[in-house]
Amino acid sequence: MTFVVGLTGGIGSGKSAASAWFESQGIIVVDADLAARDVVQKNQPTLQAIHQAFGDWVLQKDGELNRRALREHIFKTPEARKALEQITHPAIRSSIIQQLMQADSPYAILVSPLLFETNQHELTQRTLLIDASEELQIQRASQRDGQTEEQIRTIIAAQMPRANKQQVADDIVLNDGHLDHLYQHLLPLHQEYLTLALQASALKKQPD
Ligand code: ADP
């Protein structure tokens with residue numbers, strides 16, 4: 001598998017903006033959120049497992065997942081959240097691994113809002129935190145998806161605290177300026193990741 005950089009950050013921190021920049025440099029980006037959505041598509045074995053575990057009410061008439069009903073259920077019932085995660089997490093992980101194995105860029109990025117909260121960071125050799133103050137997170141996320149400040153604060157509260165992420169990340173970019181300022185900070189990291197990936201592949205090729 002190629003050298004993998006895990007990219008994370010709280011809601012509205014600028015993960016998607018940073019990922020898009022890496023993509024513009026020819027780097028394959030695997031998105032954990034997209035993988036999570038894919039595994040519960042209609043007729044996927046993961047959706048069938050959720051159906052079996054929870055009952056008919058989790059499906060809409062057209063056979064698609066009733067996301068809203070499921071979201072409300074797990075919000076009220078913590079055990080249900082655990083049961084759901086036991087079904088979905090292994091499937092999401094397999095999907096991510098499969099995509100990373102196919103990545104043919106010098107290194108790959110795994111972007112995930114829950115990189116450290118789940119075991120997804122185990123799939124990476126290096127981690128990058130896109131960091132922003134809570135005020136900026138709220139301002140950006142509310143402008144992007146029209147969510148209320150309260151809704152965004154609830155999401156922030158459910159994510160790992162910013163200070164903890166700062167402690168565990170290998171690299172941190174504070175995204176508190178213009179987008180150009182973000183890109184300027186990503187460029188030297190991109191160069192570093194190219195070097196690290198090259199070193200890792202040279203080590204692998206050495207005869208033992
Ligand atoms: P995340 O993926 O971490 O939730 P996004 O990358 O989607 O965050 O950023 C949230 C919103 O803020 C988006 O609309 C994005 O274009 C905007 N944004 C991100 N970084 C900056 C920045 N440095 N300056 C201005 N807008 C930004």
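Two strands are taken to pair if DSSP finds at least two bridges between them, and helices (H or I, at least four residues) and strands (E, at least two) are DSSP runs numbered from the N terminus. The structure is a predicted model, in which local features need pLDDT of at least 70 and side-chain atom pairs count only at pLDDT 80 or more, whereas totals for chains, interfaces and linings use all residues. Residues are numbered from 1 along each chain as its sequence is written, and side-chain values use heavy atoms, with hydrogens and water left out.

Five strands form an open sheet in the order β2-β3-β1-β4-β5, and the pairing is parallel. The edge strands of this sheet are β2 (28-31) and β5, each of which pairs on one side only, and the twist from one strand to the next averages 25°, where axes are lines fitted to C-alpha atoms and angles run from 0 to 180 degrees between N-to-C directions. In general, strands of a sheet pair through backbone hydrogen bonds, either parallel or antiparallel. Strand β1 (residues 3-8) pairs with strand β3 (residues 107-111) in the parallel sense over five bridges, and F3 stands opposite Y107 in β3. Strand β1 also pairs with β4 in the parallel sense, over four bridges, with L129 of β4 as the bridge partner of T8. Pairing between β4 and strand β5 (residues 171-174) is likewise parallel, over four bridges, and I130 has V173 of β5 as its bridge partner.

Strand β5, by contrast, has a covered face, formed by D171 and V173, and an uncovered one, formed by I172 and L174.

The ligand is surrounded by 14 residues, of which the closest are K15, S16, R144, N175 and G177, a residue being near a molecule if one of its heavy atoms lies within 4 Å of it. Polar contacts are pairs of N or O atoms within 3.5 Å; within protein, one atom must be able to donate a hydrogen and the other to accept it, and residues adjacent in sequence count only if both atoms are side-chain atoms. A backbone N or O atom of G12 lies 2.8 Å from a ligand oxygen atom, a polar backbone atom of G14 is 3.0 Å from an oxygen atom of the ligand, and for a backbone N or O atom of A17 the distance to a ligand oxygen atom is 2.9 Å. Of the 560 Å² of accessible area that the ligand has on its own, the protein covers 76%, with areas taken from the Shrake-Rupley method. Two or more residues of the shell are given by each of α1 (15-24) and α6 (134-145), and the largest share, three residues, comes from α1.

A further local feature concerns N43, which lies in the loop between α2 (32-38) and α3 (45-54). N43 has a positive phi of about 70° although it is not a glycine, and at 60% relative accessibility N43 counts as exposed.

Technical notes
Areas by Shrake-Rupley, 256 points an atom, 1.4 Å probe, with all protein chains shown as cover. Buried < 20%, exposed > 50% of the residue type's maximum accessible area, 1.4 Å probe, protein only.
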